[in-house]
Amino acid sequence: HTRGTNSNLFTAKLSTATPIMEANGGEGASSYAKEHRIVEDYLRANCDGNYCILRPNMFMQVLTAGSFLGINIPHVDKDEGELQATHPMANCKVSMIDCVDVASVAAHILSSANPNEQYGNNVYELTGPSAIGIREEIASAISNELKRPLEIENISLESALESNGIPSAAAKGLQPFLDTLGAYDRVTSQVEQLLGRPARSIHDFVRDEKWAI
């Protein structure tokens, strides 16, 4: 995301989560992180004062159906009874963030009068308001929305991939990334500091999604 400021351009670079970037002695937890590192290093070397970096944690949006990290609930259309689902990160607690907050932070920075002076060269670690467990808090939030009990059990990454039509061999490359992300429970207040309001909670997200799974 870039905007013009007089004769200069100011860039807000959207990267990935800080632990992903810093894993393996700064080499990153995946090739995905290395690509972000190349761009970050370029900005530091060539755009002094004219950039900032946004490093959000896992997006809440990945929980919606349609990917191997989505919470797909079979038989949700039935009228009664306990619902069951599976997820490869069910045992993890992650301070995940709503994309709405990330977009709002970028818009706030880029629309400010002097982003170079206020935000230049800064790295912002963006998280949700708390570390939430998929088996606990997320299951509870969805259950409250659906008005039915929901249990989410942990499954292997290989099983999650195969159930979404992805070869299980892909797990070898994805596992280090998800292991690092799944341990990212640190909470920052930078969303609130920048926007003047708390980061959106999982209850806000589930409510607004209408949880149309």
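Axes here are lines fitted to C-alpha atoms, for helices over the stretch in contact, and angles run from 0 to 180 degrees between N-to-C directions. I worked on a predicted model, where local features need pLDDT of at least 70, side-chain atom pairs count only at pLDDT 80 or more, and totals for chains, interfaces and linings use all residues. Residues are numbered from 1 along each chain as its sequence is written, and side-chain values use heavy atoms, with hydrogens and water left out.

**Entry: the chain as a whole**

I looked up the secondary structure. The protein chain has nine helices and eight strands. Helices (H or I, at least four residues) and strands (E, at least two) are DSSP runs, numbered from the N terminus.

I then looked up burial. Of the 213 residues in the protein chain, 45% are buried. Buried means under 20% relative accessible area, exposed over 50%, and partly exposed in between (1.4 Å probe, protein chains only).

The accessible surface of the protein chain is about 10500 Å², and carbon and sulfur atoms hold 49% of that. Such areas come from the Shrake-Rupley method with a 1.4 Å probe; for residues, only the protein chains shown count as cover.

I also checked contact range, where contact means heavy atoms within 4.5 Å. Among contacts in the protein chain with a separation of 6 or more, 76% link residues 24 or more positions apart.

**Entry: α5 against α9**

I took the pair α5 (residues 134–146) and α9 (residues 202–209). Their axes come within 9 Å and cross at roughly 35°. The crossing of α5 and α9 is right-handed. A crossing is left-handed if the near helix is turned anticlockwise from the far one by less than a right angle, and right-handed if clockwise.

Which residues meet? From α5 I list Ile138, Ala141, Ile142, Asn144 and Glu145; from α9, Ile202, His203, Val206 and Arg207. The residues of this contact divide into five nonpolar, two polar and two charged. Here Ala, Val, Leu, Ile, Met, Phe, Trp, Tyr, Cys and Pro count as nonpolar, Asp, Glu, Lys and Arg as charged, and the others, Gly among them, as polar.

I noted the spacing rule: an α-helix has 3.6 residues a turn, so residues three or four places apart point the same way.

The buried residues of α5 are Ile134, Ile138, Ala139, Ala141, Ile142 and Ser143. Their cover includes β4 (83–87), β7 (132–133), β8 (150–154) and α9.

Ser143 has a relative accessible area of 16%, so I log Ser143 as buried. Leaving aside neighbours within four places in sequence, Ser143 is in contact with Arg148, Pro149 and Leu150. Ser143 and Glu82 are 61 residues apart in sequence; C-alpha to C-alpha, they are 9.4 Å apart in space.

**Entry: positive phi**

Most residues other than glycine have a negative phi, and most peptide bonds are trans. I found Lys147 with phi near 60°, a positive value. Lys147 follows α5 and lies in the loop between α5 and β8. Lys147 is exposed because its relative accessibility is 69%.

Asn121 also has a positive phi, near 70°. Asn121 sits in the loop between α4 (115–119) and β6 (123–126). Its relative accessibility is 33%, so Asn121 counts as partly exposed.

**Entry: two buried loop residues**

I began with Asp98, in the loop between β5 (93–94) and α3 (99–110). Is Asp98 buried or exposed? Asp98 is buried, because its relative accessibility is 1%. A polar contact is a pair of N or O atoms within 3.5 Å; within protein, one must be able to donate a hydrogen and the other to accept it, and residues adjacent in sequence count only if both atoms are side-chain atoms. The side chain of Asp98 makes one with the side chain of Gln61, at 2.7 Å. Not counting residues up to four places away in sequence, Asp98 touches Met60, Gln61, Arg200 and Phe205.

Next came Asn57, in the loop between β3 (51–56) and β4. Asn57 is buried because its relative accessible area is 3%. Its side chain joins that of Ser95 in a polar contact of 2.9 Å. A polar atom of the Asn57 side chain also lies 3.3 Å from the backbone oxygen of Tyr184.
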